[in-house]
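Dear colleague,

Please find below the structure for your review. My notes on its salt bridges follow.

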Amino acid sequence: MTCGSLRVDDAGRSVTLRGWVNRRRDLGGLIFVDLRDRYGITQVVFNPQVVPAAHEVASRVRGEFVLEITGTVRPRPEGTANPNLATGEIEVEASAVAVLNEAKTPPFYINEEVEVDEALRLQYRYLDLRRPGMQSNVLLRHRLVKRMRDYLDARGFCEVETPCLIKSTPEGARDFLVPSSAHPGTFYALPQSPQQMKQLLMVAGLDRYFQIARCFRDEAQRADRQPEFTQLDLEMSFVGQDDVMALMEALYVELVKEHGGKRIQEVPFPRLTYADAMARFGSDRPDLRFGLEIQDVGPALAGTGFKAFATVLEAGGQVKAIVATGCGSYSRREIDGLTEIAKRAGAKGLATIAVESNGVRSPIAKFLREQEQQALTSDIGASPGDLVLLVADEAATVAKVLSALRTELGTALGLGDPSVLAFCWVTEFPLLEWDEDGSRWDATHNPFSGYLPEDEPLLDTDPGSVRALQYDLVANGAELGGGSVRLHRRAEQERIFALMGYDRSAMADRFGALLDALEYGAPPHGGIAMGVDRLVALLTDAPSIRDVIAFPKSQRGIDMMFDAPSAVDQTQLEELGLSVAVPSSNSTNP
RNA sequence: GGAGGCGUGGUGUAGCGGCCUAACAUGCAGCCCUGUCAAGGCUGAGAUCGCGGGUUCGAAUCCCGUCGCUUCCGCCA
């Protein structure tokens, strides 16, 4: 019997309830106690004339005391039902009550949805998690993960646990290191993902693998990034990217259904190539809930007399625009706000043109010919009342700036319906990007990704334009996960590593096991890794994934409850053959 | 590594050079109250305004530093 289960049909039953005191209302004679557990709230009434002993105990009870109450279920008197409560038609008349434990007054409200300083919440996480909002996040997460397991199990997938103590490969994010006492001076690393292991499981013939995998990355935190996080990791043999995408798409439709409360904008999920996404939205994870698409006005400005644009175009840069619908009346102050966002994203400036019924209002109007003004307004769909935002710079900056402005306008204009999920797939990412610092090619996603067969010749002539068999799932501007069809022949994999600057011995040292395995009948395979924390945060509208992780770290990676990381005993260090170079005051937290 | 925001009774906020002997709500404590459900009424306790330094006749308020939380950039194969 729980505090959420009793209904009118249970009237007359004798029941025992255990839970926490959500609220106590002492009317002098009658005392009402709202007893709360994970399942709900039930009103318990103590009548001094019926059971004086129980009433006496109830008068001393306080918030968050743990009680065991025995009593009789009965319908509430006419007119006193509470429609806000699932159990609001009934109450339990207590015949006996035991205080299983007392409770100090909590440091913050558990029975009210009030914003509390996050440091305090993290310090008393067990109380924070007692709050209904946090509980529903944890419970939803459980249901979603169970659904993932059921879905994949039903399709022949095998859940395999891969180790958390693995070899450090100093690629990508910084590794968390774990010293070995058996081999002083050497270290394990915690996995950034089970990538190589899952590929080896394909070589093993497991065929369809998945894991709810914990991943570790020693990098700066964000609202959507924790040092440890959870992925739904999976890999399949004998598949192409459409197979993986179709599998995931059907799963995510189910997961959204499991949550309820949100509608998917478009099924099947629209697909965009990376090039398309960058051209139209300036981002490889566009929020498709609204338009405000980026438009290229460079061609129409060929030979323009406006120096700021002409210089950029001559240097091979771009001039692009978005039409901010209905923002033509933006004040100087509001436009300054947009300029500030543009500059923070790397722009040197932001040009604006307000379209009015009898012309335009713009600081740059006097530099533009009549025909150019038209190209920058009506030709790109701007009507009176709209504001055109123009950015001129090299392509990457233009994309970044206009994407930031588009996101800002989407928020400011309320264009993103929070009850809608606009999923999309982004495909054909560049396989490699030039790393200026290292003077070498680097994998944009992961070095094991395959590429479009027709782009193979470009590996020799123009590696930067080779398109990967890589796909990301995006929703409402958030990257939910990504995967690829992998290279499964040693020579192909080595060719990529070579472009990345590895010689044979470096390859053998870092990826020897995988490379060897590719020579023993590795099947074609591909897979994907989906962020579990981000999915739950998206579905619950949580502002941070900390709200969907039971015991998260603070932004500086601190566990506020256990005060980790912390300094360790000298003897522990000695066993590991380690000495610490920083002063101990820097390695403990005050 | 860098930039911004926040830090005031237990909690959430107000106050932003002198009206501050720091306000409001809630929580907490006591008393009253037999149909409440954010119960109600009355009374009361509770804050050296994150910490350190400075400017000033005077600092919660301005300046500098520092600590903590947080957002973003860099970083995140």
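A residue is called buried under 20% relative accessible area, exposed over 50%, and partly exposed in between (1.4 Å probe, protein chains only). This is a predicted model, in which local features need pLDDT of at least 70 and side-chain atom pairs count only at pLDDT 80 or more, while totals for chains, interfaces and linings use all residues. Residues are numbered from 1 along each chain as its sequence is written, and side-chain values use heavy atoms, with hydrogens and water left out.

A salt bridge is taken as a side-chain nitrogen of Lys or Arg within 4 Å of a carboxyl oxygen of Asp or Glu. By this rule there are 46 salt bridges.

One of them joins Arg546 to Glu118, at 2.5 Å from N to O. Arg546 lies in the loop between α15 (532-540) and α16 (570-576) and Glu118 in helix α2 (residues 118-123), so the pair ties together parts 428 residues apart in sequence. Helices here are DSSP runs (H or I, at least four residues), numbered from the N terminus. Arg546 is buried, at 16% relative accessibility, whereas Glu118 is partly exposed, at 25%.

A second pair is Asp533 and Arg141, whose closest N and O atoms are 2.9 Å apart. Asp533 belongs to helix α15 and Arg141 to helix α4 (residues 132-154), 392 residues apart. Both Asp533 and Arg141 are buried.

Glu372 also pairs with Arg369, with 3.2 Å between the closest N and O atoms. Glu372 is buried at 1% relative accessibility, while Arg369 is partly exposed at 42%.

Finally, a network of salt bridges links Arg121, Arg125, Asp128, Arg131 and Asp547.

With kind regards

Key:
Chains are lettered from A and ligands numbered from 1 in the order in which they are written. Helices (H or I, at least four residues) and strands (E, at least two) are DSSP runs, numbered from the N terminus.
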